[in-house]
Amino acid sequence: MRSAAPASRRVARLGASIGAAVLILVLAASPASAHATLSSSSPADGAIVSTLPSAVTLTFDEPVRPVAADVRVLDPTGTGVAGTVTGAGPKVTIGLRGSGAQGTYTLTWRVISADSHPVGGAIAFSAGHPSRPATARFARTDTTVSVLFAVMRFAGFLGFALFVGVLAFCWYGRPDAARRRGVGLLIVGGWAALVAGTFGSLLLQGPYAAGAGLGALVRPELISQTLATVYGRALTARLLILGCLPFLLAFGLARLGDGSRMRRLAFGGAGAIAAVGIAVTWSVGGHAATSSQPFVTVPADVAHLCAMALWLGGLAAVTVTMRT
């Protein structure tokens, strides 16, 4: 009869490995939070023009998607004069309507950057002469939605690291480890966290971008807006890939240690294709795809994600399979 001590040690090792993965992911992910920034505007912030222009143009340092409902222009009396809002790449154009009163105009804006995060700000310009600007109201992201969105994104990265890294460990070094309960829990838990994180991000992106609460989680128009973006399509593709992976595991993982070289190669090749495909869904929906040289930055980002998964997942697998 097995003693309780080895089982408790296995549980402790599993918890320690997951804790280490969480800590490293937090430390590694914290710098990668750059979002779109406003490069220039026409009229410029603080400028004085002779007459009110027919439109204001905002230029950002990367392609953005404007949140039209949160783009406002107030004239000197506080009356809203924003017209049609259009976006094309890094430029957002806001048409102006109204009487063309002289004084200071305040424009508040909110856009979605390439990594799906909303970014907001304000500029002021004057027609004819400066005046006291009207009080502007800024759109804010719901705190609960923002926290849950961050949790879902983190769960996706953690799940990817555990799922891919542990499978790679089993394929390359320890085919017999796949039959161990602790390793199996890492694989299944990683897949489940990746699915949950991806699906949660897909639902939360709409309210997160619109500044709405959890009550808007399944609002059809917000879901449609998300699915129409590159980020939304990337999440959908990731879910489709993840839906096929249980079949790969069912047919390949249990037979990994039977000594067949061709079977191991086929399983490894299919797993590598799936891992790269999942990593691509992050890269094409983020900053890597919007750089001036995406043919360089996207592959580099994919390689970075896969290396992270191999390292952290492999570390978790080694920790679980260690013998005291």
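Start at Pro43, which sits in the loop between strand 1 (38–42) and strand 2 (48–49). Strands here are DSSP E runs of at least two residues, helices are H or I runs of at least four, and both are numbered from the N terminus. Select Ser42 together with Pro43: a cis peptide bond joins them, with omega at about 0 degrees.

The model is predicted, so local features need pLDDT of at least 70, side-chain atom pairs count only at pLDDT 80 or more, and totals for chains, interfaces and linings use all residues. Residues are numbered from 1 along each chain as its sequence is written, and side-chain values use heavy atoms, leaving out hydrogens and water.

**Whole chain**

Zoom out. The protein chain has seven helices and nine strands. Of its 324 residues, 40% count as buried; buried means under 20% relative accessible area, exposed over 50%, and partly exposed in between, with a 1.4 Å probe and protein chains only. Take the contacts (heavy atoms within 4.5 Å) with a separation of 6 or more: residues 24 or more positions apart account for 72% of them.

**Strand 8**

Next, select Thr106 in strand 8. Its relative accessible area is 9%, so Thr106 is buried. Beyond its neighbours within four places in sequence, Thr106 touches Arg72, Val73, Leu74, Ile123, Ala124, Pro133, Ala134 and Ala136.

**Aromatic pairs**

Now show the aromatic rings. There are five aromatic pairs in the structure. Rings of Phe, Tyr and Trp (its six-membered ring) pair if their centres lie within 6.5 Å; planes under 30 degrees apart are stacked, over 60 edge-to-face, and the rest tilted.

Pick Phe60 and Trp109. This pair is edge-to-face, at 5.0 Å centre to centre with 75 degrees between the planes. Phe60 belongs to strand 3 (residues 55–60) and Trp109 to strand 8 (residues 103–112), 49 residues apart, so the pair links distant parts of the chain. Both Phe60 and Trp109 are buried.

Move to Phe157 and Trp282. Their ring centres are 4.7 Å apart and their planes lie at 15 degrees, so this pair is stacked. Phe157 is in helix 2 (residues 143–172) and Trp282 in helix 6, 125 residues apart. Phe157 is partly exposed at 22% relative accessibility, whereas Trp282 is buried at 15%.

**Helix 2 against helix 6**

Keep both helices on screen. Their axes come within 11 Å and cross at roughly 165 degrees. Axes are lines fitted to C-alpha atoms, for helices over the stretch in contact, and angles run from 0 to 180 degrees between N-to-C directions. Helix 2 is therefore roughly antiparallel to helix 6. The classes are roughly parallel under 35 degrees, roughly antiparallel over 145, roughly perpendicular from 65 to 115, and oblique for the rest.

On the helix 2 side, select Gly156, Phe157, Phe160, Val164, Leu167, Trp171 and Tyr172; they meet Arg264, Leu265, Phe267, Gly268, Ala275, Ile278, Ala279 and Trp282 in helix 6.

**Helix 6 against helix 7**

Finish with helix 6 (residues 261–283) and helix 7 (residues 294–321), whose axes come within 9 Å and cross at roughly 120 degrees. These two are therefore oblique to each other.

Select Ala275, Val276, Ala279, Val280, Trp282 and Ser283 in helix 6; their partners in helix 7 are Val298, Asp301, Val302, Leu305 and Cys306.
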